[in-house]
Amino acid sequence: MNQKALLALSLSLALAACGKSEAPVSAPTPDLATPVTLTTADPMANNPFAKPSDLYLQAPAFDKIKDEHFAPAFDAGMKEQLTEMDAIAANAEPPSFENTIAAMERSGRVLDRTNKVFGHLTGSNTNDTLDKIESDYAPKFAAHGDAIVLNATLFARIKSLYGSRESLGLNGEQLQLLNQVYRNFARNGALLDEVSKTQLRKLNEEQAALIAKFDENSLKDNNESAVVVDNVEAMAGLDEDVVAATAAAAQERSAKEPALAGKWLIPLVNTTTQPTLQSAKDRGLRERIYRASIERGAKGNAFDNRNIILRMAALRAERAKLLGYPEHATYILEEQMAKTPKAARDILTGMAKPAVAAARRDAAKLQKLIDADAAANKTPGFKLAPWDWSYYAEKLRQQEFDLDESQIRPYFEMNSVLENGVFFSANKLYGLTFKERKDLPVYHPDVRVFEVFEENGSTLGLFYADFYARASKRGGAWMNNLVDQARILGTQPVVSNNLNVVKPADGKPTLLTYDEVSTMFHEFGHALHGLFADSEYVLLSGTNTPRDFVEFPSQFNENWALVPEVLRNYGKHYQTGAVIPEALISKIKKAGTFNQGFGTVEYVASSLLDLDWHELTAANQPADVLAFEKASLEKNGVAMDEIMPRYRSTYFSHVFPGGYSAGYYSYLWCEVLDADAFQAFNDAGGLNRANGDKFRKMVLSRGSMEDAKQMYVHWRGAEPRVDGLMKRRGFKG
């Protein structure tokens with residue numbers, strides 16, 4: 001979902017509580033309400049980040065932003081913010097909420113504007129120059145964050161306010177912000193002595209550099225690992241549009257690699273299991289695709305991530321120990337809904353046993369299909385392998401439910417899914433309407449921009465849709481904030497969704513799989529969370545929630561993809577316009593629990609692997625990444641020859657460069673909430689404005705203005721129960 005972690009944790013937490021200060025300060029400190037005066041000699045004089053964008057809602061001026069603008073803007077932004085923080089710390093007036101906490105919220109505007117665009121571009125449309133800037137600045141950002149968090153004078157003001165918080169007459173949101181700022185500083189080293197602070201700075205700088213390197217390696221190795229096919233006959237079974245797209249990909253890359261001319265290039269998505277494995281008839285090609293996928297980051301080439309992982313695990317454990325925690329997982333989960341690694345592990349292990357049992361039953365069925373095929377064709381049989389699972393699972397689905405992907409895709413044309421499905425459901429639930437804005441600049445021709453309107457015609461925000469895969473884009477799907485909503489800054493939300501749909505050849509429609517449809521609804525759930533943000537302060541706004549809550553609105557939004565009123569509105573044949581037949585809808589729903597054993601095992605395996613990496617102590621570190629991974633799967637009871645984790649350690653971007661370290665369990669945790677919440681909607685009439693408005697008011701607009709669990713229970717009227725999820729996955733009747 002969210003944009004990749006660019007800054008070290010200390011910086012991200014410091015900046016989250018920062019904004020340009022307009023609070024009065026005592027002389028001789030500078031007037032923070034006065035904009036910085038730039039001269040023509042100043043490198044920022046013509047820099048688009050020097051001031052807020054003059055485009056609608058401060059949308060980024062992508063037509064003016066160039067690679068060379070980032071470094072000087074980062075330098076100027078860090079300098080400006082440190083000046084602002086020093087002024088807050090040196091204020092001769094007694095600390096108050098306004099001259100300290102609110103002033104921090106207003107600080108760092110140049111740095112924030114620059115970082116948001118930079119983080120978005122390095123994920124969505126990067127290049128060697130941006131990668132170099134990211135690598136060069138990662139340790140500088142870590143040092144900058146530490147300069148704020150470890151500023152003893154600044155923290156003394158925060159601590160003083162925190163100690164007297166009950167007598168300050170603060171409203172609920174102000175009190176929540178003060179509590180959050182104090183915790184962020186305390187948890188990131190503000191209470192340490194000077195010797196320990198020096199040690200922490202070194203750990204943070206090294207980790208930031210490793211994060212940037214892991215990210216760079218992953219993108220480059222993903223591109224390098226794309227599978228080259230010499231003969232079109234080997235592509236048998238793949239949709240003709242996919243074949244055309246792979247030919248176009250090879251032709252495009254042949255400009256740099258002439259040997260690819262006239263061939264086919266199968267790109268890899270971020271997960272272990274690749275979409276092409278579902279339909280490729282050639283077993284040899286399936287094995288090549290699968291092995292290319294699982295070997296990423298572990299091939300001994302320039303992009304090998306294994307040593308980075310070992311060092312990052314050690315750094316995180318050492319950092320946690322320095323901060324007073326037994327290990328990194330305990331440190332992270334203290335601030336999440338789960339609170340402890342044991343609570344997160346319990347929900348995962350509770351799903352592991354029934355999931356493995358279901359997967360083994362399915363594996364036996366798939367083996368029977370393989371044996372039957374071999375007998376019918378008088379060919380040698382073989383044992384089910386990981387690269388066979390998706391192919392024979394699709395055959396089994398056709399056999400058991402008379403359903404295959406080729407029946408579905410013609411009804412899921414991408415624009416129809418977006419406008420007649422995703423936008424349609426948002427209108428029914430929340431009264432939103434959308435208008436495309438072709439006048440606003442974009443960073444790539446494939447990107448579309450929509451203005452989002454409330455029912456009364458007022459503008460809610462802007463939504464950027466970037467759905468096609470490309471070599472300059474990292475794998476996966478996510479949501480970014482390009483501009484945060486915050487009343488203190490007078491800003492409205494500007495958000496984006498990124499997918500990685502293979503772009504068809506020119507003139508061909510973009511037909512989605514159901515998984516891609518579900519992903520589009522999922523990411524728009526994050527977008528709604530950002531668009532509906534209604535907070536005074538940045539730190540509490542929108543998706544700035546615990547990791548094991550932030551996936552709840554997105555996973556909940558997936559449910560509307562299969563609601564009949566919505567599905568019939570977007571599910572129309574791209575050639576005839578015919579509405580998807582009721583019989584086909586029924587098949588899709590009946591197949592909803594199909595292959596859930598596989599999906600749950602690969603997810604739970606990754607989640608437990610994440611926890612195992614981050615429950616390591618500083619004194620107990622492994623020497624071999626792949627051996628540790630193997631031992632983790634066996635120990636946790638999820639080791640199956642036919643199923644690998646959804647992400648192996650070496651390309652596990654969620655937890656090593658990303659912000660989900662010790663938090664990948666969050667998707668399952670949030671799915672418990674999602675299944676329970678959808679039941680609540682259905683009990684109250686399903687897809688209607690009354691339900692949507694209540695959910696928006698009590699959940700989606702609230703950000704972190706109250707404890708996440710209390711927020712959920714307040715809306716739901718009861719604690720969430722796991723029964724709905726168990727039924728959804730077919731593990732309980």
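Is R689 buried, exposed or partly exposed? R689 is partly exposed, because its relative accessible area is 27%, and buried means under 20%, exposed over 50% and partly exposed in between, using a 1.4 Å probe and protein chains only. This is a predicted model, in which local features need pLDDT of at least 70 and side-chain atom pairs count only at pLDDT 80 or more, while totals for chains, interfaces and linings use all residues. Residues are numbered from 1 along each chain as its sequence is written, and side-chain values use heavy atoms, with hydrogens and water left out.

**Salt bridges**

- A search of the whole structure finds 48 salt bridges. A salt bridge is a side-chain nitrogen of Lys or Arg within 4 Å of a carboxyl oxygen of Asp or Glu.
- R689 forms a salt bridge with D693, with the closest N and O atoms 3.3 Å apart. D693 is partly exposed, at 30% relative accessible area.
- Both R689 and D693 sit in helix α24 (residues 689-700), 4 residues apart, about one turn of the helix. Helices (H or I, at least four residues) and strands (E, at least two) are DSSP runs, numbered from the N terminus.
- An α-helix has 3.6 residues a turn, so residues three or four places apart point the same way.
- R448 and E419 also join in a salt bridge, at 2.8 Å from N to O. This pair links distant parts of the chain: R448 is in strand β4 (residues 448-453) and E419 is in helix α16 (residues 414-430), 29 residues apart.
- E419 is partly exposed, at 35% relative accessibility.
- R702 pairs with E706, and their closest N and O atoms are 3.3 Å apart. R702 is partly exposed, at 25% relative accessible area.
- A network of salt bridges links R109, D112, K116 and D484.

**Helix α24**

- N688 caps the N-terminal end of α24. A side-chain oxygen of N688 lies 3.2 Å from the backbone nitrogen of A690.
- The end C-alpha atoms of α24 span only 14 Å, whereas a straight helix of 12 residues would span 16 Å at 1.5 Å a residue. The expected span is 1.5 Å times one less than the number of residues.
- The buried residues of α24 are N691, G692, F695, R696, M698, V699 and L700.
- These buried residues pack against α16, β5 (459-468), α17 (514-531), α18 (547-558), α23 (666-683) and α25 (708-716). Contact means heavy atoms within 4.5 Å.

**A buried aspartate**

- D674 is in helix α23. D674 is buried, with a relative accessible area of 2%.
- Leaving aside neighbours within four places in sequence, D674 is in contact with F552, Q555, F556, N559 and R728.

**Two packed helices**

- Helix α2 (residues 70-90) and helix α5 (residues 128-149) pack at about 5°, with axes 11 Å apart. Axes are lines fitted to C-alpha atoms, for helices over the stretch in contact, and angles run from 0 to 180 degrees between N-to-C directions.
- The two helices, α2 and α5, are therefore roughly parallel, a term for angles under 35 degrees.

**Positive phi values**

- K339 has phi near 75°, a positive value in a residue other than glycine. K339 lies in the loop between α12 (328-333) and α13 (341-377), and is partly exposed at 44% relative accessibility.
- K378 has phi near 55°, also positive in a residue other than glycine. K378 lies in the loop between α13 and α14 (386-401), and is exposed at 78% relative accessibility.

Note on methods: A polar contact is a pair of N or O atoms within 3.5 Å; within protein, one must be able to donate a hydrogen and the other to accept it, and residues adjacent in sequence count only if both atoms are side-chain atoms. Angles under 35 degrees count as roughly parallel, over 145 as roughly antiparallel, 65 to 115 as roughly perpendicular and the rest as oblique.
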